[in-house]
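Please examine both before turning to the notes below.

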Amino acid sequence: MAGRGKLIAVIGDEDTCTGFLLGGIGELNKNRKPNFLVVEKDTSITEIEETFKSFLARSDIAIILINQFIAEMIRHAIDAHMQSIPAVLEIPSKEHPYDASKDSILRRAKGMFSAEDFR
């Protein structure tokens, strides 16, 4: 990976993944594993969680974007991730708006600051 940048990985519904792939984020690693997972109705929670954990273990991934409604399915795995890299960011989907109260990473970040820090 010397001289190369890090990747963004996406776990999302078809519309989300398609948008990011059209934006140029799609790539295969040396083992021919993609940096995205399209979650469909028949995608098992086990497959989502295994993909998430495989993205965490890859040294070429710096950011994991995941639709918030999918993150809810594997919340325990997301909450267990404590490292700053790869960063896990929950994003909205076309069918499911973003709800800040469900975002565990945002809750952790808010806990680091007090109201006085923003005055």
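The model is predicted: local features require pLDDT of at least 70, side-chain atom pairs count only at pLDDT 80 or more, and totals for chains, interfaces and linings use all residues. Residues are numbered from 1 along each chain as its sequence is written, and side-chain values use heavy atoms, with hydrogens and water left out. Helices (H or I, at least four residues) and strands (E, at least two) are DSSP runs numbered from the N terminus.

**A buried asparagine**

- N35 is located in the loop between α1 (14-22) and β2 (36-38).
- Its relative accessibility is 0%, so N35 counts as buried; here buried means under 20% relative accessible area, exposed over 50%, and partly exposed in between, with a 1.4 Å probe and protein chains only.
- The N35 side chain reaches the backbone oxygen of I25 at 2.7 Å.
- Beyond its neighbours within four places in sequence, N35 is in contact (heavy atoms within 4.5 Å) with L7, I8, A9, V10, I25, G26, E27, F55 and R58.

**Nonpolar cores**

- A nonpolar core is a set of buried Ala, Val, Leu, Ile, Met, Phe, Trp, Tyr and Cys residues joined through side-chain atoms within 4.5 Å.
- The largest such core has 17 residues, of which I11, I48, F52, I64, I66, I74 and I78 touch the most other members.
- Two or more residues of this core come from each of β1 (7-12), α2 (45-57), β3 (61-67), α3 (68-71) and α4 (75-80).
- Apart from this core lies another, of five residues, including V10, C17, I25 and L65.
- With neighbours within four places in sequence left aside, F52 is in contact with I11, I64, I74, A77, I78 and V88.
- In soluble globular proteins, nonpolar side chains tend to be buried together.

**Salt bridges**

- The whole structure contains five salt bridges, each defined as a side-chain nitrogen of Lys or Arg within 4 Å of a carboxyl oxygen of Asp or Glu.
- K94 and D15 form one of them, at 3.0 Å from N to O.
- K94 lies in the loop between β4 (87-91) and α5 (104-111) and D15 in helix α1, so this pair ties together parts that are 79 residues apart in sequence.
- K94 is exposed, with a relative accessible area of 63%, whereas D15 is partly exposed at 44%.
- K53 is paired with E49, their closest N and O atoms being 3.0 Å apart.
- Both K53 and E49 belong to helix α2 and are four residues apart, about one turn of the helix.
- K53 is partly exposed at 46% relative accessible area, while E49 is buried at 17%.
- In the salt bridge between R75 and E90, the closest N and O atoms are 2.5 Å apart.
- Since R75 lies in helix α4 and E90 in strand β4, the pair ties together parts that are 15 residues apart in sequence.
- R75 is buried, with a relative accessible area of 13%, and E90 is buried at 6%.

**Backbone geometry**

- Most residues other than glycine have a negative phi, and most peptide bonds are trans.
- The peptide bond from I85 to P86 is cis, with omega near 0 degrees, and P86 lies in the loop between α4 and β4.
- R32, a residue other than glycine, has a positive phi near 65 degrees.
- R32 is found in the loop between α1 and β2 and counts as exposed at 62% relative accessibility.

Note on methods. Polar contact = N/O pair within 3.5 Å; in protein donor to acceptor, adjacent residues only side chain to side chain.
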